[in-house]
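Please keep the sequence and the coordinates at hand while reading.

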Amino acid sequence: MPGHRGKTKAKKPKPIVNVHSVTRIPSEEFIGLVDDIERAEGWNTRVKVLCEFLQLPDLSRRSGLKKVHVNFNEVYHNIDDVYVANIGNEKITGTIIGIYTKMCADAILRDKLFQKGLVSKITPLINIPATRYLALRALTTVTHHGGVDIRKEISLESPSLLKVIQENPDDLRAAEMAISTMAHAIGAAINQEDSPAPKYTKAANIKTLIPVVIDFMRKPGVTIQLLHHGLELLTHPVLHCWSECKANSPLQDLLVACLRSADLTVRVSALGGLLRLEALSSEDDQRQFDPHKLMAAIERRFPDHLVDILTDYGTMRCDTFLTMSSTADNQKAMMKCAQDKDLYSLGLKLAELITRTEFSIAEGGFQMQDPRTGRIELNRDIGLPFIMWSDALPHCARAILAKGRPGEEDLADMITAKFFIIRSRIPDAIEAAKRGLQRNPKFAYFYYVITLGKDHYEGLRSAKKGLKCPKMTPFVRFGLLHRAVELAGNLGVCRIQESSPGDRKYDEGVAFLMSAMEDAKIYVTEAPPDARHMKNVLYWYICLTLTIKGPETPADLEELQVAFKKLGYADEFSVLLGTVPPRTQLRLTQQNIVKRYPTAVQEWKDLIARFDEVMTDERPISLEKAEDDLAAWLDDLHLDHGEEDEPHPQRCSHPRVSPNTVALYRCSWCGNPSAALRKCSGCEKARYCDGGCQKSHWSEHKVTCRT
């Protein structure tokens, strides 16, 4: 024990024996303890003094924490006796917080202490200069390792944390710990899909928080931890507090400038923040088609420069012509069916139209003029089991099945799936598609249907497998490419934000982004210039180019001028066909980035350079490192139900990793991106998602497998 103890010695409590015997320590027995704590130098020494006085086990060892588990009530009451008797003594209360911080290394003990009011004991010490660092470190530790409930509770202390760093603008150490704590706590409280409780948004005080955090990030001498936690904190409120964030132009400029960082994690975090910023103020994409607007546009005639674009591509291959001709063919087929009542022949024609273009099955009905009123009304007595044309689909599917001709079961399932899509019954459509795939795994349209579901992992795998089918129409191919871009782009951004470099999720996230980028290039190069999804794919292409290439992208965006030009044409086609391009989340994000990029990268270049200082020691991710761990995950991926629900990710990353090599990690058959795939046991070079891909590839691979 350090120092002279004086005449009065503190009596130690009896050793802890049984959890059921709780003996409160009389306050007069703390006199000697107070003297010892006063004489001790530094918080570590004080913690040691108090631990010895209370005869606590070694809290730095697992065996010691296990003893605390067994006797938690007695341990806590003995510590609390000291706390209550010396509540005005900064050194005593600070020392107790130090002990609690050590105990918080154990998750169960941390939860028990939290329920006992740990946060309320820590918070007052933040405002006392002598205990400020200790209290902030305790909060940082508890928040960093705590669960969602603990983080939400700590987020309510944000006003105190914000006040401390505002009143001490030169204390970068306190700012680092306070911003770190708020990043984890506020993230758990408000960065979620559902609207957070008002008490959390009120405590966060976003309007004040944003400029304070940005100001500290600008200060010279701040650590990389403060910069990363600051960026993380700034991206948390953009979803549910979007109006306050949009009102802060420096915040948006900083996020855009981060797209030029050399650190991929920084770039993806910024892109994720910019995407969420537009989520709740955006419009849904176009989902309906009006054939009357199409005909009106054709009658008005397209401008010469758009006619030239369509002609260069091939007018007969463009969406406008295919949709117009398919609508006419659909109407003719219905009129023919009204004459011959042949649902089987109608079904075969509808099956052809379904794979020709998205809106080939236009809604309509058989009409007649009422002889009494002269009004045009639906003819309900035409002798067919349907009135509206789209209702013909299930009847046609049954007629095809009734014929029993080999190979036509696929057409029946496709017609059934299309009917469910028209009725917005996507789960039923997917069920029909999966039924078809069990019979014919090379039918591309079934894979396309599955990509429309909510399970993004299943959707991406289906898009990649569908693109390997030997026969498909251009519409199905470009539909699969479009879905592959959207699904892989979203998954990549989410995966990287939810993980840290070196994690399997991080490696997969990089592979997803690279996959989305490659498929976007193919789409914008080969798809019709008037394709409905051309705009969406170009939005992704522009955002992904900036995010993946980072500082390699010229600041003047000259590299993207061709994409901007194509996007302009796509907008013109959309307006001409009667639909003003909707203000979708992707459109608004892309426009915000492009508008701010040149000036933002110039204004924030010094701060971005400090983000990148730690990148000099980066090491590329090893493709072999995570293979064994990820093989088990790939085997457990159930395509019927998707990945099991995961808790909201709690991460803290300080990345120093280059992702360059991860992009090469693809299934040798379908090209599905993954950080790890199962090796061919013969050559140990080819890699596959599963046995199905390996079997499909064998006819090609066997030539080189053992050579």
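Where is the place of Glu684? In this predicted model, Glu684 is found in the loop that runs between strand 5 (678-679) and strand 6 (687-688).

## Backbone with positive phi

Glu684 is not a glycine, and yet its phi is positive, at about 60°. The residue is exposed, since its relative accessible area of 53% lies above the cut-off of 50%.

Gln55, also not a glycine, has a positive phi of about 55°, and this value is taken up just after helix 2.

## Helix 2 and its cover

The buried residues of helix 2 are Trp43, Arg46, Val47, Val49, Leu50, Cys51 and Phe53. Their cover includes helix 1 (31-39), helix 4, helix 5 (90-103) and helix 8 (132-145).

Two of these buried residues, Trp43 and Arg46, are also related to each other through a charge placed over a ring: Arg46 lies over the face of Trp43, at 4.6 Å from the ring centre. Another arrangement of this kind involves Arg317, whose charged end sits over the ring of Tyr313 at 4.1 Å from its centre.

## Nonpolar cores

The largest nonpolar core holds 149 residues, and within it Met103, Met217 and Phe611 touch the most other members. Helix 11 (residues 172-190) contributes the largest share of this core, namely eleven residues. Apart from that core lies another one of 47 residues, among them Met334, Tyr344, Ile354 and Ala417.

When residues up to four places away in sequence are left out, the residues that Met103 touches are Leu59, Leu65, Val68, Phe72, Ile79, Leu109, Arg110 and Leu113. One of these contacts, Phe72, belongs to an aromatic cluster as well, together with Tyr76 and Tyr100.

## Aromatic pairs

Across the whole structure, a search finds eight aromatic pairs. In one of them, the ring centres of Phe72 and Tyr76 are 6.0 Å apart and the ring planes stand at 20°, so the pair is stacked. Both residues are in helix 4 (residues 72-85), and because they are four residues apart there, about one helical turn separates Phe72 from Tyr76. Phe72 is buried, and Tyr76 is buried too.

How far apart are the ring centres of Phe443 and Phe446, and how do their planes lie? The distance is 4.4 Å centre to centre with 35° between the planes, and this aromatic pair is tilted. Phe443 counts as buried at 17% relative accessibility, because the cut-off for that class is under 20%, while Phe446 is buried at 0%.

## The chain as a whole

The protein has 34 helices and six strands, and of its 707 residues 55% are buried. Taking the contacts between residues at least 6 apart in sequence, 72% join residues that are at least 24 apart. The accessible surface comes to about 32,500 Å², and carbon and sulfur atoms account for 51% of that area.

Notes:
Residues are numbered from 1 along each chain as its sequence is written. This is a predicted model: local features need pLDDT of at least 70, side-chain atom pairs count only at pLDDT 80 or more; totals for chains, interfaces and linings use all residues. Side-chain values use heavy atoms; hydrogens and water are left out. Helices (H or I, at least four residues) and strands (E, at least two) are DSSP runs, numbered from the N terminus. Buried means under 20% relative accessible area, exposed over 50%, partly exposed in between (1.4 Å probe, protein chains only). A nonpolar core is a set of buried Ala, Val, Leu, Ile, Met, Phe, Trp, Tyr and Cys residues joined through side-chain atoms within 4.5 Å. Contact means heavy atoms within 4.5 Å. Rings of Phe, Tyr and Trp (its six-membered ring) pair if their centres lie within 6.5 Å; planes under 30 degrees apart count as stacked, over 60 as edge-to-face and the rest as tilted. A charge sits over a ring if NZ of Lys or CZ of Arg is within 6 Å of the ring centre and within 35 degrees of the ring normal. Accessible areas come from the Shrake-Rupley method with a 1.4 Å probe; for residues, only the protein chains shown count as cover.
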